[in-house]
Each structure stands twice: as C-alpha cells, then as structure tokens.
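Trainee: I have a new structure on my screen. Please show me how to read it.

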Amino acid sequence: MMKFPLMMIALGLVLLLSACSGATPPISLAPGMDIIKKAIALQVEQTQEQLSEQLAASHPQLDISQVKLKAIEPLYLAKLPTYHIQGTYNLDIDLPNQKVSQKQNSFDVYLQRQREGKTWRWLKRDVSNPDESPLWRTYWIH
C-alpha cells in the first residue's frame with residue numbers, strides 16, 4: 001500500500017521538474033550558414049557605418065569568410081524561436097588604397113525566426129541601461 005503514495009510523489013516531482021525546464025526551439029530550425037554570414041555582415045556593416053560617419057569616409061566593401069561556429073543556444077524571446085550563436089570569421093575590407101584582412105574575429109549574434117518561418121531578424125541588445133531588463137533592437141536580414 002505504501003507504493004502508491006511514493007509513485008504519486010515521484011510522478012509529481014517529474015512533472016514539476018519538466019514544467020520548470022522551459023521548452024527550447026529545436027536545433028533543426030536553427031539558421032543556415034548563409035543567414036549567419038548575413039547577420040555577421042549586418043553587424044560589421046553597422047559598426048563600419050558608425051566609423052565612416054565619424055571619419056566622413058566612404059563605406060568599404062566587406063567580405064566575410066571562414067565562418068566557424070563554436071556554440072548554438074536555442075531559446076525563446078518574445079515567444080519566437082531565437083538562436084544565440086557564437087564563433088569566429090575572417091574579414092576582408094576593400095579600402096580605397098588598400099585591402100585589409102582580419103583573421104579569427106569573434107562574433108556573438110542572436111538570430112530570431114519570424115512567425116511565418118520564412119524570414120530572420122538579427123537581434124541587438126540595447127545596453128544603454130544595464131540595470132534594467134534588456135531591450136532588443138531587431139534588424140531584418142535580407
């Protein structure tokens with residue numbers, strides 16, 4: 001007779017623990033390398049654009065290659081599947097008078113699959129006030 005209450009307690013603990021561990025999006029829905037490269041390019045272009053404006057210079061041509069993934073963390077943000085992706089890439093920058101190559105640059109991006117499942121957005125954390133809940137700016141990946 002003692003087995004029934006123990007089984008109920010065990011079942012309750014299993015249900016409680018599985019309810020606490022939040023669901024994560026399937027890794028099979030993670031973005032492909034083409035989307036990841038476009039997100040890295042968007043991030044680099046945004047930084048280059050800020051520098052170009054400050055220096056009153058033209059926007060250089062960028063080429064991203066040798067993207068290597070180190071980690072993919074699936075999660076949900078705003079009830080949409082999101083993937084926190086980290087790794088390295090090589091960058092070639094065509095400047096007016098020279099070509100600059102940078103090897104093994106680190107990247108850390110959040111990519112979010114949109115509701116219809118056809119488009120992706122790059123999420124950039126707004127760090128204007130680190131004491132508040134994080135705010136995210138999103139950019140459509142063409």
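Trainee: What should I know about the model before I start?

Mentor: This is a predicted model, in which local features need pLDDT of at least 70 and side-chain atom pairs count only at pLDDT 80 or more, while totals for chains, interfaces and linings use all residues. Residues are numbered from 1 along each chain as its sequence is written, and side-chain values use heavy atoms, with hydrogens and water left out.

Trainee: How many helices and strands are there in the protein chain?

Mentor: Start with the term. Helices (H or I, at least four residues) and strands (E, at least two) are DSSP runs, numbered from the N terminus. Here the protein chain has two helices and five strands. From the N terminus on, their order is α-α-β-β-β-β-β.

Trainee: What does buried mean?

Mentor: Buried means under 20% relative accessible area, exposed means over 50%, and partly exposed lies in between (1.4 Å probe, protein chains only).

Trainee: Is Thr-82 buried or exposed?

Mentor: Thr-82 is buried, because its relative accessible area is 0%. Thr-82 belongs to strand β2. Asn-90 is also found in strand β2. Asn-90 has a relative accessible area of 10%, so it is buried.

Trainee: Which side chain does Thr-82 contact?

Mentor: First the rule. A polar contact is a pair of N or O atoms within 3.5 Å; within protein, one must be able to donate a hydrogen and the other to accept it, and residues adjacent in sequence count only if both atoms are side-chain atoms. The side chain of Thr-82 makes such a contact with the side chain of Gln-112, at 3.2 Å.

Trainee: How many salt bridges does the whole structure hold?

Mentor: The general idea is simple. Side chains of opposite charge can pair when their charged atoms come close. A salt bridge is a side-chain nitrogen of Lys or Arg within 4 Å of a carboxyl oxygen of Asp or Glu. A search of the whole structure gives two.

Trainee: Where does Lys-38 lie, and where does Asp-34?

Mentor: Both lie in helix α2, four residues apart, about one turn of the helix. Lys-38 and Asp-34 form a salt bridge, with 3.6 Å between the closest N and O atoms. Lys-38 is partly exposed, because its relative accessibility is 34%.

Trainee: Which residue forms a salt bridge with Asp-126?

Mentor: Arg-137 does, with the closest N and O atoms 3.3 Å apart. This pair links distant parts of the chain: Asp-126 is in strand β4, and Arg-137 is in strand β5 (residues 135-140), 11 residues apart. Asp-126 is partly exposed at 21% relative accessible area. Arg-137 is partly exposed too, at 47%.

Trainee: What about Asp-92, which is buried yet has no salt bridge?

Mentor: For charge, Lys and Arg count as positive and Asp and Glu as negative; His and the chain ends are not counted. The nearest side chain of opposite charge to Asp-92 is Lys-99, 4.6 Å away. Asp-92 lies in strand β2. A polar contact of 2.6 Å joins its side chain to that of Ser-101.

Trainee: How many aromatic pairs are there?

Mentor: Rings of Phe, Tyr and Trp (its six-membered ring) pair if their centres lie within 6.5 Å; planes under 30 degrees apart count as stacked, over 60 as edge-to-face and the rest as tilted. By this rule there are four aromatic pairs. One of them joins Tyr-83 and Trp-120: the ring centres are 6.1 Å apart and the planes are at 55°, so the pair is tilted. It links distant parts of the chain, with Tyr-83 in strand β2 (residues 80-94) and Trp-120 in strand β4 (residues 120-126), 37 residues apart. Tyr-83 and Trp-120 are both buried.

Trainee: Which residues have a positive phi?

Mentor: Most residues other than glycine have a negative phi. Among the residues with a positive value here is Gln-66, at about 50°. Gln-66 lies in strand β1 (residues 61-77). Ala-78 is another, with phi near 55°. Ala-78 sits in the loop between β1 and β2, and counts as exposed at 64% relative accessibility.
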